[in-house]
Amino acid sequence: MMTTIWRYDRSGTAIRCEDEVTEERALTIYVNGVLAVRLASSGELVDAAAVGHAVSEGWARPTQILAVNVEERSAFLTISPDAPGPDTPTSIDIDCISGDALTEDIAVSPGFTVSASRLQDLAEEMQRSALHWKTTGGVHAALIAQGEHVFSCEDISRHTALDMVIGHALMHVWNVREAVLMGTGRIPAQAVAQAARVGIPVLASRSATTAQAIALAERAGITVVAFVRAGRMNVYSHPERVVP
């Protein structure tokens, strides 16, 4: 879908324009009538995604999947009684939580601002410190900055990486209401919810964001900045926090 953004170029000039963002949806899979998992999805090929997930997770062999029925973005698998099935039938994949990721009425405090150049510097610092990513390419990096305090880490899960830097800031009693939270992965609605519950006003990434994340950020008072790289960035919500 299309949304209005503020695009910064290398000179620091902001241009208001339209940009297309990915829509974040949830794919819910039921196995023999029981909720098994909810996954992040583009909403396409629901039946194939459900079968592929079930087999790749070891729930059943292809021959043990007796039927698959699709209703909107939910897939209902029937597997044979001798198939292993899901280990935790009601487990929820955190990557999948979509527009309802934040049901609480939370609004982050206004007033905090950050310069576009500071965001660029932090993105470069995060990339420099991502040593494991440089050697494997298989992890996500995250960074949190408040004043002169900066802490970064890496993890195979982008959500866990964010949790780790948030936890570090809280354990060291940083004023997170004046902090920037940054990661290398896509910014979904769940990441916005993570920031909102802690009170972090700016959430940024070198990667993209989603329409649902933007809508949630608007409601929660969070500035979402994506594609922070190579002297440019896109500001998708509450642009008043990003100053020249």
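Biologist: What is the mean pLDDT of the protein, and in which strand is confidence highest?
Modeller: The model is predicted, so local features need pLDDT of at least 70 and side-chain atom pairs count only at pLDDT 80 or more, while totals for chains, interfaces and linings use all residues. Residues are numbered from 1 along each chain as its sequence is written, and side-chain values use heavy atoms, with hydrogens and water left out. pLDDT is the predictor's confidence in each residue, from 0 to 100; its mean here is 87, and 91% of the residues reach 70 or more.

Biologist: Which are the edge strands of the open sheet of 8 strands?
Modeller: Two strands pair if DSSP finds at least two bridges between them. The order is β2-β1-β13-β12-β11-β10-β8-β9, with mixed pairing. An edge strand pairs on one side only, which here applies to β2 (14-20) and β9 (149-155).

Biologist: What is the bridge partner of L143 in β9?
Modeller: β8 and β9 pair in the antiparallel sense over 7 bridges. Their hairpin has 2 residues between the strands, and G147 takes a positive phi near 65°. Within β9, L143 is bridged to S152.

Biologist: Which residue is the bridge partner of A226 in β13?
Modeller: Strands β12 (residues 223-229) and β13 (residues 232-235) run antiparallel and are joined by 3 bridges. In β13, A226 has as its partner N234.

Biologist: Which residues closest to the centre line the largest cavity?
Modeller: On a 1 Å grid over the protein atoms alone, a cavity is a set of points where a 1.4 Å probe fits but cannot get out, and lining residues have an atom within 4 Å of a point. The count comes to 1 cavity of 30 Å³ or more, and the largest holds about 80 Å³, a volume being the space filled by probe spheres set on the points, joined across faces, edges and corners. Of its 14 lining residues, the closest to the centre are L162, G183, T184, G185 and R186.

Biologist: What is the volume of the largest pocket?
Modeller: A pocket is an open set with protein on both sides within 12 Å along at least five of seven lines. The lining of the largest pocket is Q127, A130, W133, V139, H140, A141, T184 and R206. The volume of the largest pocket is about 160 Å³.

Definitions and conventions. Helix = DSSP H or I, 4+ residues; strand = E, 2+ residues; numbered from the N terminus.
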